[in-house]
Amino acid sequence: MSAGTGVWAYAITESDHVTGAGGGSDLSWLTGVGGAQVRAVTCSGLTVLASDVNLDEYGEAALRENLENLDWLDEVARLHHYVVDATARLFPVLPVRLATVYGGDAAVCASLADHREQLLDALRRVGGRVEWGVKAYAAADKAEAAPDQGEAEPAARESSGLAYLRRRRDQLAAGREARTAAVSGAQAVHAGLADKATAAVVRPPQSAQLSKVRLPMLLNAAYLLDASDGANFTAAVAAEATAHPELRIELTGPWPPYSFAGEDDDGR
Amino acid sequence: MTISGQPGTSATQRGIAGGGRSSTNLGDILERVLDKGLVIAGDIQVNLLDIELLTIKLRLVIASLDTAREVGINWWETDPWLNAEAAGRQAVRSKHGDGDGRLEEGDVQELKDELGRLRGRIKELESGR
C-alpha cells in the first residue's frame, strides 16, 4: 500500500535566481533524496528547491525508524547536503533542516506566504555568505599516553606496583595541566576568530565516533563570513594554529550557512 | 592545521565550496542538517522537531558531553552568547549532575580504564605461558 507523495525541501532562495528574466539557473541535472529530480516550487517571490518523496520511506512513521538507522541517515544526510551545497554555489540560499516534508506544492506556497518577510530577512542576513567550521582538539600529549603502549611498557613491568602508581599519578597531574592550557587556548582561538566573523556559533563537541578523532575536542564552532573573506579567514585560522601548538586545529568549509539560517533554531 | 575540502577547488575563487559529497565527515554534516538549518513553521507533513531523535542525539550530543566533562570543558553551557543552546541542553545536562569535582571523576575513569587494560594484559601474559 502506498502512503502517497510528499515534497522534501532542501533550500529557499529568491525566485529571481531560479526563474528570473535572464533565464535563471538550470537545475534539471540535480537529483536529491531517493534519486528524484530537484524542482523549484515558486510562490510569493520565493522559491523552495524541493523534490518529491515517497511517504512510504520519507513519511513521518517511516522517518521515525529510518532516522535511527545510521547508514540510512548517512546517505540521506549527504544527499540533502549535496543539493543544499550545489544550489548554494549558484545563488544565495537558506538551507532547510533535514526531513522537512510538505504534503504538496500548495502547502509549500502557504508556508512561503505566511513567512515571506521573515524568510527575506534571513536571506538578506545570511544569503551569499558562507560558514566555516573550526574544531580544536587537545594535541596528543606524551604524558597521557597509556603505559601499556610503546616503550614505557617494559619499565612498567619491571618496577614495583607502588612506583608505577606514583609515576602514573604524576603523569595524570601533568596531563591535567596540559588540558587546562589547551582549554584556555581553545577559548582564545574562538574569541580571535569570532572577532573576524559576522556571527559565530559554538556547538558541543562531537563524539569521537563521529569525528573519527580520538583526541578530546575542545572547540566546535562555526563562523559566518562573506564569501570573499575566505582567504583572510583561512589565514587567520592558520595563524591561530601556529600560535597554539597545544591544539590541533581543523578547518572545514566553506559550507552553506546552515548554522545561521534560523534566528532561534535550537532547543525547541 | 588540517583543511578539509575539495582538492582542486579554490574556496576563495569559487566563493562557496563545502565538503565533497563523500569525503566530508559525517558528524560535520549531521550536526548541520539535523541541528541547524531553517525550520519553517506551517502546514508541514513532517517536521524533524516532531520526531524523537533519541538515538541520534545520544550519538551526537550525550556521548560528546561526557567526553567534554571528563576533560573539564563546559564553557559553552554558560556563555551568554550561547544561552539558547544552553537552554536546549538543560535536560541533557541535568541528567549528568553539575560537574563539580569533574577532574577527580575524570581521574577515576582514567584509572579504571587503565586497570581494565592492565587486567587484559595480565591475562594475555598468563595465557601466553
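**View 1. Buried residues of helix 8 of chain A pack against strand 6 (129-138), strand 7 (199-202), strand 8 (217-226), helix 10 and strand 9 (247-255) of chain A.** This is a predicted model: local features need pLDDT of at least 70, side-chain atom pairs count only at pLDDT 80 or more, and totals for chains, interfaces and linings use all residues. Residues are numbered from 1 along each chain as its sequence is written, and chains are lettered from A and ligands numbered from 1 in the order in which they are written. Helices (H or I, at least four residues) and strands (E, at least two) are DSSP runs, numbered from the N terminus. Among the buried residues of helix 8 of chain A are A:Gly175, A:Arg179, A:Val183 and A:His190. Buried means 20 or more other C-beta atoms within 10 Å, exposed 12 or fewer, partly exposed in between, with C-beta atoms placed from the backbone.

**View 2. Helix 8 (residues 161-196) and helix 10 (residues 230-243) of chain A cross at roughly 165°, their axes coming within 10 Å.** Helix 8 of chain A is therefore roughly antiparallel to helix 10 of chain A (angles over 145 degrees). A:Val189, A:Gly192, A:Leu193 and A:Lys196 of helix 8 meet A:Phe233, A:Ala236, A:Val237 and A:Glu240 of helix 10. Contact means C-beta atoms, placed from the backbone, within 7 Å.

**View 3. A:Gly34 lies in the loop between helix 1 (16-19) and strand 2 (39-43) of chain A.** A:Gly34 is partly exposed, because 14 other C-beta atoms lie within 10 Å. Leaving aside residues up to four places away in sequence, A:Gly34 touches A:Val53, A:Asn54 and A:Glu57.

Conventions: Axes fitted to C-alpha atoms, helices over the stretch in contact; angles between N-to-C directions. Parallel < 35°, antiparallel > 145°, perpendicular 65-115°, else oblique. Contact = placed C-beta atoms within 7 Å.
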